[in-house]
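Here is a walk through a single predicted model.

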Amino acid sequence: MRFDDLPEDDARALLLRCMSAPDWAERVLSERPFGTKERLVAEADRASRRLSEDDIRDALAGHPRIGERAAAGHNAAASAQEQSGVGAGDEARLVEGNRAYEDRFGHVFLIRAAGRSGSEILGELERRLGNPPEVEHEEMLDNLRQIALLRLENEV
């Protein structure tokens, strides 16, 4: 499997493109070799279910707001592709929704945008604004995991 053959620094960089959480990447790397893509993704999934607060903070910092272009240092290509369903007509509502979400929960609104239209993303944003903080934290973590695993499957 190609991932197993990568030099450690290259494998780490690949993982960090999937989720910008260095501790998560190290946990996944420590389990090499995997032998199959399925085993790699399963280990990444397990590791993503045990994220520390530092991992979560780092990973959230690696995601642009929905509807915004990724800044330098973000995985701009993946973000742009994942958010391709967001149209220009959604921008004003997204800006307002992102602001309300960040005021309520203290971090960027995170959603697996791949395969979703702008109206679906807006609907989820509005729904999740009504979540209690502990419920929203779990939804955010699940979306963070989904994004990382989707990116990993596309990378390897």
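Helix α4 covers residues 37-48, and its 12 residues reach 16 Å from first C-alpha to last, close to the 16 Å expected at 1.5 Å a residue. The expected span is 1.5 Å times one less than the number of residues. Helices here are DSSP runs of H or I with at least four residues, strands are E runs of at least two, and both are numbered from the N terminus.

In α4, the buried residues are Leu40, Val41, Glu43, Ala44, Asp45, Ala47 and Ser48. Buried means under 20% relative accessible area, with a 1.4 Å probe and protein chains only. Their cover includes α1 (2-5), α3 (22-29) and α9, a contact being heavy atoms within 4.5 Å.

Helix α9 (residues 133-155) also meets helix α8 (residues 118-129): their axes come within 10 Å and cross at roughly 150 degrees. Axes are lines fitted to C-alpha atoms over the stretch in contact, and angles run from 0 to 180 degrees between N-to-C directions. From α8, Glu124, Arg127 and Arg128 make the contact, and from α9, Glu136, Glu139, Met140 and Asn143.

The protein chain holds nine helices and zero strands. Of its 156 residues, 44% are buried. Among contacts between residues at least 6 apart in sequence, 67% join residues at least 24 apart.

Residues are numbered from 1 along each chain as its sequence is written. In this predicted model, local features need pLDDT of at least 70 and side-chain atom pairs count only at pLDDT 80 or more, while totals for chains, interfaces and linings use all residues, and side-chain values use heavy atoms, leaving out hydrogens and water.

Note on methods. Buried < 20%, exposed > 50% of the residue type's maximum accessible area, 1.4 Å probe, protein only.
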